[in-house]
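These are my notebook entries on one structure. I recorded what I looked up, topic by topic.

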Amino acid sequence: MKEIDFINDRINHKEVEIPSYLYKYRPFDEYTFEMLDNNYVYLCPAERLDDPSECKIDFSSEDLYDLQTNRLTARCVNIILDYVRPHITDADFQKFKHMIEQKADSDGLIHGPDLLEAYFRMQGLIPEEMLVPLINILNNLSEKLYTEDVKNGFHNVFSLAYNARRDMGICSLSELKENNEMWQKYANDAMGYCIEYKMSGYENQSLLYPVVYQDDRETNIVTNILGTFIGQMIFAISGGQLSADKSQFMRLFLTKNSFWSYQKEWRLMGDANTKLTAPSINAIYLGKKVLQKGREQMAQYCAKHNIKLFESDL
């Protein structure tokens, strides 16, 4: 997925490509001209985001491991298998995943040692240097999930999850200049305005990330933190042969339900309630239902600062 590749490249300090322009839809309110005059964007606490499934906390250890049967859950195995995905073709990954699923019982639980039977069938799909550590991981992870160190790790996971929605700040931007739903939802039913930000040369580019759109089960904050946590265990068990997906932690705050994919959202991220220097304004668009007072005030502002002003037909 290109968004996840972007996040990993950004984390690894590689060059990435961002849109030339991004857009912020807003209503006219008491902050409108204060924000414009002082050239900032506000990083809203994640707990106030519009998707109720974002960064939610809904997890128990049974999501990963069944103590009664001594088996890994499908969710746990899928987290592990995701570390294989970048190294093989999509078709081979689906074959490999199907082999693993065939070892599950009627409740979807998988006994680690049973996976050894699939060893020879997996050959040819996965590079040998990856296959051996992967089988080792699947066999040994269940034993490690309930060690004292891992229990302490889980405790830290829950602490992080509890604070994450409050402490992380986000400013949402969109690739879309003209979109009816965006005007309705974020610009007071087209009575507000939309700022066109020029992103090239922006001093806070390093804080900008694309949103990843996936289904509900992928937006759970604890599951995603556990992806990072398990990734560290995988790295250790495999002797460094399989590396962790560094994007997992960032994706806690960058994953939304696919329902919202029409927004084509990007996010500036930092400490909650921070006023971050805004990108330079290329133009401002007024909604088609804008009141005369707002039209006149924005026209005066744009004239004073030599900013192009347009009225939307949407």
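**Entry 1: Lys 288.** I looked up Lys 288 and found it in the loop between β13 (280-286) and α11. Helices (H or I, at least four residues) and strands (E, at least two) are DSSP runs, numbered from the N terminus. I noted that this is a predicted model, in which local features need pLDDT of at least 70 and side-chain atom pairs count only at pLDDT 80 or more, while totals for chains, interfaces and linings use all residues. Residues are numbered from 1 along each chain as its sequence is written, and side-chain values use heavy atoms, with hydrogens and water left out.

I then asked which residues Lys 288 is in contact with, leaving aside its neighbours within four places in sequence. They are Ala 190, Ser 312, Asp 313 and Leu 314, where contact means heavy atoms within 4.5 Å. For Asp 313, I also recorded that its C-alpha atom is separated from that of Lys 288 by 5.7 Å, although the two are 25 residues apart along the chain. The cut-offs are under 20% relative accessible area for buried, over 50% for exposed, and partly exposed in between (1.4 Å probe, protein chains only).

**Entry 2: positive phi.** I looked for a positive phi in residues other than glycine. Asp 189 has one, near 55 degrees, and lies in the loop between α8 (180-186) and β7 (193-198). Its relative accessibility is 34%, so I listed Asp 189 as partly exposed. Asn 306, which is not a glycine either, has a positive phi of about 55 degrees. Asn 306 sits in the loop between α11 (292-305) and β14 (308-311), and I listed it as exposed because its relative accessible area is 73%.

I also noted His 13, which follows α1 and has a positive phi near 60 degrees. In helix α1 itself (residues 2-11), the buried residues include Glu 3, Ile 4, Phe 6 and Ile 7.

**Entry 3: cysteines.** How many disulfides are there? With a disulfide taken as a pair of cysteine sulfur atoms within 2.5 Å, the count comes to 0. Cys 171 is in no disulfide, and the nearest cysteine sulfur, that of Cys 44, is 9.3 Å away.

**Entry 4: aromatic pairs.** Rings of Phe, Tyr and Trp (its six-membered ring) pair if their centres lie within 6.5 Å; planes under 30 degrees apart count as stacked, over 60 as edge-to-face and the rest as tilted. I recorded 7 aromatic pairs by this rule. The rings of Tyr 25 and Trp 183 have centres 5.2 Å apart and planes at 90 degrees, so this pair is edge-to-face. Tyr 25 is in strand β1 (residues 21-26) and Trp 183 in helix α8, so the pair ties together parts 158 residues apart in sequence. Both Tyr 25 and Trp 183 are buried.

The pair of Phe 28 and Tyr 193 is tilted, with 5.0 Å centre to centre and 55 degrees between the planes. Phe 28 lies in the loop between β1 and α2 (32-38) and Tyr 193 in strand β7, so the parts tied together are 165 residues apart in sequence. Phe 28 is partly exposed, with a relative accessible area of 24%, whereas Tyr 193, at 1% relative accessibility, counts as buried. Finally, I recorded that Phe 28, Phe 33, Tyr 193 and Tyr 301 form one aromatic cluster.
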